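Look through the model first, then read the points below.

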Amino acid sequence: MKLRPIATNFTLKDHIYDMLREAIINMNIYDKDANLRLDERSIADQLGISRTPLREALARLEQDGFLDIRPRKGVFVIRKSLTEILEMIVAWAALESMAARLAAETATDAQIAGLRKHAMRHSASSARADLSEYSEANIKFHQMILEASGCNMLQVMAEGLFVHMHAVRRRALEEDDRATRSVVDHMEIIEAIEARKPDLAARLVREHTMRLHGHVRRTWNRLDATAQSEAQKKTEGS
């Protein structure tokens, strides 16, 4: 986890929370070798703050489902089980497919042009295997569809899934040349939205996300074994 010192003119509690949440989002938590344990002393030193406001922010992050604080063991970023991940992908597919339908009906020409410009600008990063850059652009693409829907509630509901979907997509893009397929799918989705074809746009987005579902279900079998091991360690430490 990489952090930068906090300026003193911010409200500390909220800003520490925001900084840590952003850092967790940017972690590749589903990487096979991911280190999920956070070092309080290192974080406090990087931020230039005392441990007291840091612990308040960590407690809030635990309440919001980002962290697991284990007495005498440490602070750990939560990683969902395989079953939970698959359910989140299904929920995201439902939300974003409706967003794509609405976008095809009501998005402005400027929003659609922005979506195409974004996709074209970052397709090259996939082609040259700059997967870190493309991963961020990929997530932004899906957020732009939600924004173009004009439905704030869809965006709020999707935000609850964002942290883990971000991490899941980041890892999956590195597997089975999925980044190349992602670029093709994105262009087809844009064309459907541009053509003002709501049914087609919704179907393409749903199929795109459910391909991710199929990939994770087939290839992430060891994730549950890891989750079970982590759960056992938690039980032993309680």
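The second largest cavity has a volume of about 60 Å³. This model is predicted. It holds 2 cavities of 30 Å³ or more. The largest cavity has a volume of about 100 Å³.

**Second largest cavity**

- Helices α5 (109–127), α6 (131–148) and α8 each supply at least two residues of its lining.
- The largest share comes from α5, with 4 residues.
- His118, Ala119, His122 and Ser123 are among the lining residues.
- Tyr134, Ala137 and Phe141 also line this cavity, as do Val183, His186 and Met187.
- By class, the lining has 6 nonpolar and 4 polar residues.

**Largest cavity**

- The lining residues of the largest cavity include Arg178, Arg181, Ser182 and Asp185.
- Asn138, Arg169, Ala172 and Leu173 line the largest cavity too, along with His208, Arg211 and Leu212.
- Two or more lining residues come from each of α7 (152–173), α8 (178–194) and α9 (198–219).
- Helix α8 gives the most to this lining, with 4 residues.
- The lining of the largest cavity has 5 charged residues, 3 polar ones and 3 nonpolar ones.

**Putting the two together**

- Helix α8 gives at least two residues to the lining of the second largest cavity, and 4 residues to the lining of the largest cavity.

Technical notes: Residues numbered from 1 in each chain as written. Predicted model: local features only at pLDDT ≥ 70, side-chain atom pairs only at ≥ 80, totals over all residues. Heavy atoms only, no water. 1 Å grid on protein atoms, 1.4 Å probe; cavity = no way out; pocket = protein on both sides within 12 Å on 5 of 7 lines; lining within 4 Å. Points joined across faces, edges and corners; volume = space filled by probe spheres on them. Nonpolar A, V, L, I, M, F, W, Y, C, P; charged D, E, K, R; others polar.
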